[in-house]
Amino acid sequence: MDVRYTPEQAELRRTARQLARELGPRTVADLDDDKRARRLAEAVRDAGWLELRDEGEGGPLASGVEAAIIAEALGEAVADASFAGPVLAADLVRRAGARLQGGAVVAFSPDLLDVATVSGPATASPLYAVDAADAASACVLIPEGGGYRLAIVPVEGARGGADLTRAVREIPAGVRPAAVPGPSRLLRSADLDAWRALGLALTCADLVGSMRGVIELTVAYARERKQYGVPIGSFQAVQHLLAEAQTLMEGASSVALHPSWAADDLAPEPARHAGRVAKAYCARAARTVCETAVQVHGGMGNTWDCIVHVYLRRALLSSRWFGDDGEQLRQLERTRLGVTHGLS
Amino acid sequence: MDFRDSPAEAEFRERLRAWIAENDPGLPLSSTDDEYWARQAEWHTALYDAGFFGLSWPSRYGGHDLPSVFDVILDDELARAGAPPRPSLGYLVQGITTHGSDAIKNRFLPGLISGRDRWCQGFSEPDAGSDLASLRTTATRDGDEYAIDGHKIWTSYSDVADWCFLLARTDPTVPKHRGLSAFAVPMRQRGIEQRPLRMINGITTEFGQVIFDGARVAAENMIGEPGEGWRIAMTIVSHEREPGEIGYVARYAKMVAELEDEVRRDPGAFQPEQREQVAWAYVQAEMLRLHVCRRLSERLDGVDHGPGGSVDKLLMTWVEQSVGSAALAVSGSRAATDADDLALKIYLYSRAQSVMGGTSQIQKNIVATRILGLPTA
């Protein structure tokens, strides 16, 4: 066992963090700078990061660990470029042995827990395409012969959602899924579990990144902001909040490594289990850490122009996406404690 | 990055698993029963004799020169079998290894690691808890010896110890952090009185206070240089705060497994809040296991004696207290109606984790100032 990053992974992490820091938004006003956002999106695309989970030789081009490294770097900089959305779609398409032109994401059920399944000729409820700023279509599943057939629905709705850096776009009810062009194979539940494990790993990594980023800027603020003639960061009450935040981030960072590795190296069910454990921890930790950041920023932290809410909002989406801590704990009660009552 | 065993690790795991199956002494949960401490020395010796203790320490002192990740396997397998955790003394080994002369290392490490010699740690005093450097126990030079006078408290294992790793003031004329030195003091002598302390959960054999009244220690038993005591103490406490060093992952995993078993026998008998606390305790224990995997992997680059131990200590404390709360929740009214309830004992003992080895408040001070670089008031 050696869970250190390889030298190549460490180098990827350096590159990704540097790029995200250079081109990501530093202020809330930067979010409106379309030129900057376009340069960031182009840089992510040119680096080949959106293709990490495309078909390589007998598997994806890069492992879940590499994908998580980039997700964390983008979360740390609240980078407003699509990543997990298209990468998760590519992973699903690869598992289905299909080919799709770029720009697809995945359509989620309204609870954002899972890829949407469409049983009738048309969608029965609104669906949500997540991290779908540039997407033209989204993947859905159609039950067929004990498995699922991949299909697509158009994504036309305006961007919305709590997260100001990753678009959630509604797909209205009544849309008819279209077959994926070319050959594809049925997705089995094991394929979907492995895919969900990757989804949990990437949302955890994003949460870890957001925690790291918001702690850094909050510590900087606490060193600079003065009250009673001294930096507020010299008060123990403030120091202890930040120390707790840092500690939660370190714990989250350790637990999140496991599903990123497990997504490719463990069987689907244990990989998903690793994702559930990590997500339960990371979602709770991120909520506390981001709330701490708002608190330490005081009155400023409660204004639109202070960037901390951009982190909090991003964490809210990453927490819900593939299930928050409450959902993961319920699933763990089912798998580990044999609880069936009151669970779907 | 690879969480799997290498071939050598897999072979070790298999051997260890077979040995534990034959040799698990079936002790009660640690720190819930006096029987645990009465038989823990036997367990230490058995583990050592079988070649499963001191894995990452130098072989010339009785260790096995293995990478520290082997301790992850040891903790995994102990927890899996429900066997007792490994003895918690890695921090003393780190202290002696880092600061002791060759003579000190040769003399003391083999007995410490094998369990032949039992050790306690004489740091805290009634008036020197968090403010450890203000301690007042004195070591006064007298020929080839020092005379020790003072009062140590909250001393784990003082009742069975052969040796005390003592921190005492050797120079009262310099600022408080600079006048301290460390000694290996033989416990079995006139001039030392050991008084047990009954813990919050009723156990009587883990904790004590030690009164030094003209006790003697040879000058050659000084560990490190005169005045180096504070630095040595900081090396020791930084490791005492690391779950990877003290093997607590196995302790928590065992406790969580027992709570899960209880719920699994009749899940419908428990309220959703009770079950959620058990699931959360499991998540916390898994987090710590994976955190230790990361920390011990980082040790492949070398041992760090820095402030990171304070992060680990806070994580470990949150885990232990989540497990304690889950135990209390699962126990329900039993914890209120039965003074001997095991869950009550686990819960009560868990409150000590945010104090022992440095309070959570001290850990947060260290994280804030030394890791985050926040200014001191």
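Predicted model: local features only at pLDDT ≥ 70, side-chain atom pairs only at ≥ 80, totals over all residues.
Chain A is considered first. Its secondary structure amounts to 10 helices and 9 strands. The C-alpha atoms of chain A occupy a box of roughly 70 × 50 × 40 Å along the principal axes.

A sheet of chain A deserves a detailed account. Seven strands make up an open sheet of chain A, in the order E5-E6-E2-E1-E3-E4-E7, and their pairing is mixed. At the edges stand strand E5 (159-160) and strand E7 (178-179) of chain A, each of which pairs on one side only.

Within this order, E1(A) lies between E2(A) and E3(A). How many residues of E1(A) are buried? The count is 5 of its 5 residues, and the strand is thus described as mostly covered. Towards E3(A), the pairing of E1(A) is parallel and extends over 3 bridges; here Ala104(A) stands opposite Ser137(A) of E3(A). Towards E2(A), the strands run antiparallel and are joined by 2 bridges, with Ala107(A) standing opposite Ala129(A) of E2(A).

Pro143(A) has Tyr148(A) in E4(A) as its bridge partner.

Helix H4 (residues 84-95) of chain A lies across strand E1 (104-108), strand E2 (127-130), E3 and E4 of chain A, and runs at about 90 degrees to E1(A). Helix H3 (residues 64-76) of chain A contains 13 residues. From its first C-alpha to its last, H3(A) reaches 18 Å, close to the 18 Å expected at 1.5 Å a residue. Is H3(A) enclosed or exposed? Because 13 of its 13 residues are buried, H3(A) is largely enclosed by the rest of the structure. After H3(A) comes Val78(A), which has a positive phi near 35 degrees.

Chain B can be read in the same manner. It has 13 helices and 8 strands, and its C-alpha trace spans about 70 × 50 × 45 Å along the principal axes. A compact globule of 377 residues would have a radius of gyration near 21 Å; chain B has 21 Å, in agreement with that expectation. Buried residues account for 52% of the 377 residues in chain B. Among the contacts of chain B between residues at least 6 apart in sequence, 71% join residues at least 24 apart.

Strand E2 (residues 138-142) of chain B pairs with strand E3 (residues 145-156) of chain B in the antiparallel sense, over 5 bridges. In this pairing, Arg141(B) stands opposite Tyr146(B) of E3(B). The hairpin of E2(B) and E3(B) has 2 residues between the strands, and Gly143(B) takes a positive phi near 65 degrees there. E3(B) is also joined by 10 bridges to strand E7 (residues 207-218) of chain B, and these two strands run antiparallel. Ala147(B) has Arg216(B) as its bridge partner in E7(B).

The final topic is the contact between the chains. How many residues does the contact take from chain A and from chain B? It takes 41 residues from chain A and 42 residues from chain B. On the side of chain A that touches chain B, helix H5 (189-224), helix H6 (236-265), helix H7 (268-296) and helix H10 (325-337) of chain A each supply at least two residues. Of the elements contributing to this side, H6(A) gives the most, with 15 residues. By residue type, the side of chain A that touches chain B divides into 20 nonpolar, 14 polar and 7 charged residues.

How values were computed:
Residues numbered from 1 in each chain as written. Chains lettered and ligands numbered in written order. Contact = placed C-beta atoms within 7 Å. Helix = DSSP H or I, 4+ residues; strand = E, 2+ residues; numbered from the N terminus. Nonpolar A, V, L, I, M, F, W, Y, C, P; charged D, E, K, R; others polar. Pairing = 2+ DSSP bridges. Expected span 1.5 Å × (residues − 1). Buried ≥ 20, exposed ≤ 12 C-beta atoms within 10 Å, placed from the backbone. Axes fitted to C-alpha atoms, helices over the stretch in contact; angles between N-to-C directions. Rg over C-alpha atoms; globule rule 2.2 N^0.38 Å.
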